[in-house]
Amino acid sequence: MADTENKEVARITFVFETLCSVNCELYFMVGVNSRTNTPVETWKGSKGKQSYTYIIEENTTTSFTWAFQRTTFHEASRKYTNDVAKIYSINVTNVMNGVASYCRPCALEASDVGSSCTSCPAGYYIERDSGTCHSCPPNTILKAHQPYGVQACVPCGPGTKNNKIHSLCYNDCIFSRNTPTRTFNYNFSALANTVTLAGGPSFTSKGLKYFHHFTLSLCGNQGRKMSVCTDNVTDLRIPEGESGFSKSITAYICQAVIIPPEVTGYKAGVSSQPVSLADRLIGTQLSDSFPHGAGFLCRSNDVTQSCSSGRSTTIRVRCSPQKTVPGSLSLPGTCSDGTCDGCNFHFLWESAAACPLCSVADYHAIVSSCVAGIQKTTYVWREPKLCSGGISLPEQRVTICKTIDFWLKVGISAGTCTAILLTVLTCYFWKKNQKLEYKYSKLVMNATLKDCDLPAADSCAIMEGEDVEDDLIFTSKKSFFGKIKSFTSKVGGLASALRSAWAW
């Protein structure tokens with residue numbers, strides 16, 4: 001009993017077969033502490049040879065009864081005497097003062113008198129050859145009734161891990177999903193508490209109203225089963241002051257039938273027929289088609305006539321930012337009681353706590369215009385917002401900036417200064433070019449005189465009304481291309497003069 005969640009004290013297993021020509025019935029009933037036997041399972045019609053196991057979860061005096069009815073109709077004659085129910089074997093474990101039906105290998109420990117049997121610690125299996133105890137690998141659980149060899153360690157499903165003693169797989173409400181663009185992180189801790197859901201009203205043949213009431217505990221709690229459904233029918237009939245006995249079921253998901261007080265006439269409503277819908281968590285998976293959701297798959301160990309493999313339950317958790325924690329539960333529209341076949345149940349849980357944690361990819365920055373030298377950067381969530389928790393929006397950021405008018409003024413001032421500078425430089429180089437052209441003309445004239453062997457004149461006579469030579473040279477207005485042509489011819493004349501002077 002080291003594992004408080006595994007409440008199995010013993011189990012009874014029997015092999016049976018029914019051979020019927022009409023609608024016969026075989027009942028298996030259980031009584032606790034001398035209470036009236038309560039039917040646990042019923043088989044109708046012919047059933048081939050098969051095995052059934054019932055788990056006992058309380059250390060109390062328990063009685064088991066099998067009842068067989070050949071037909072449900074009253075018949076005066078012995079018409080169906082050949083219809084029989086056969087029970088081939090009955091095996092009960094952990095009985096007091098009982099006998100053993102067979103022996104199993106045990107773990108050995110050395111002592112002074114030799115080897116003796118010992119118990120392996122929780123989560124350890126027995127190696128058949130050596131008789132030693134070995135711990136199960138990580139993320140596996142140990143089969144409680146077959147602890148032999150490493151094959152007794154069963155791997156946990158996706159998204160789950162084992163508890164400390166390797167007795168069950170559970171989910172810690174933490175998920176992570178990688179995509180080519182980003183990583184989604186989830187934290188469903190806010191959904192770890194139990195929630196309840198009532199289906200639509202149903203009515204008996206006499207018109208009495210009742211409901212199917214569901215209790216769910218999704219994840220976390222170190223794998224402890226938090227959902228409890230009770231049967232308080234007998235408690236309501238016991239006089240006040242006397243102690244009664246209520247049958248309760250603890251599971252991840254359970255169901256009970258609730259009859260309102262106005263129907264029963266008692267002060268409180270009646271809860272009856274508790275059923276476990278999920279005893280173990282098979283696995284969890286994040287949706288590929290819808291990235292903001294997850295699915296939980298659970299199973300029940302209860303095997304019934306209609307559900308030969310037990311019951312299964314699927315809970316789909318969907319991100320709904322507008323629904324505050326814990327959100328809302330709903331049942332399929334086509335199946336008001338959560339199931340269409342009595343074996344497979346479906347629930348939809350919509351909550352803001354199911355959204356991925358907010359990250360930097362969920363918000364963007366809005367930069368305002370520059371006003372009075374100040375620019376503001378505001379961060380807002382992307383719409384629609386499909387995240388919760390995680391990081392918060394950064395605070396508004398204020399920076400110093402320059403307006404467009406300022407840069408326009410700077411540009412105009414720089415352009416004006418540049419224009420003035422270019423004008424001054426143009427005047428300067430034009431004046432300098434005038435002086436160079438004058439010196440060049442003097443040099444050409446001197447070279448011509450040398451070619452003609454004429455003496456240099458000290459002065460020239462200038463007729464009245466004539467201008468100075470220098471003024472005549474530069475008063476003529478020429479175009480830009482004319483000046484270039486004149487300058488080229490002058491350079492050619494200078495070269496010819498220089499050659500004549502050299503020959504002379």
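The legends below describe close-up views of one predicted model.

Local features in this predicted model need pLDDT of at least 70, side-chain atom pairs count only at pLDDT 80 or more, and totals for chains, interfaces and linings use all residues. Residues are numbered from 1 along each chain as its sequence is written, and side-chain values use heavy atoms, with hydrogens and water left out.

View 1. Helices (H or I, at least four residues) and strands (E, at least two) are DSSP runs, numbered from the N terminus. Of the 504 residues, 30% are buried; buried means under 20% relative accessible area, exposed over 50%, and partly exposed in between (1.4 Å probe, protein chains only).

**View 2. Strands β3, β2 and β5 form an open sheet in the order β3-β2-β5.** The pairing is antiparallel; two strands pair if DSSP finds at least two bridges between them. β3 (38–44) and β5 are the edge strands, each pairing on one side only. From one strand to the next, the twist averages 15°, where axes are lines fitted to C-alpha atoms, for helices over the stretch in contact, and angles run from 0 to 180 degrees between N-to-C directions. Eight bridges join β2 to β5, and Phe28 stands opposite Trp66 in β5.

**View 3. The search of the whole structure finds 21 aromatic pairs, and one of them is Phe28 with Phe64.** Rings of Phe, Tyr and Trp (its six-membered ring) pair if their centres lie within 6.5 Å; planes under 30 degrees apart count as stacked, over 60 as edge-to-face and the rest as tilted. The Phe28 and Phe64 pair is stacked because the ring centres are 6.0 Å apart and the planes are at 5°. Phe28 lies in strand β2 (residues 25–32) and Phe64 in strand β5 (residues 62–69), so the pair ties together parts 36 residues apart in sequence.

**View 4. Phe175 and Phe188 form a tilted aromatic pair.** Their centres are 5.1 Å apart, with 50° between the planes. Phe175 is in strand β15 (residues 174–178), and Phe188 is in the loop between β16 (183–187) and β17 (195–198), 13 residues apart. Both Phe175 and Phe188 are buried.

**View 5. Ring pairs link a cluster that includes Phe14, Phe16, Trp43 and Tyr52.** Phe28, Tyr54, Phe64 and Trp66 also belong to the cluster.
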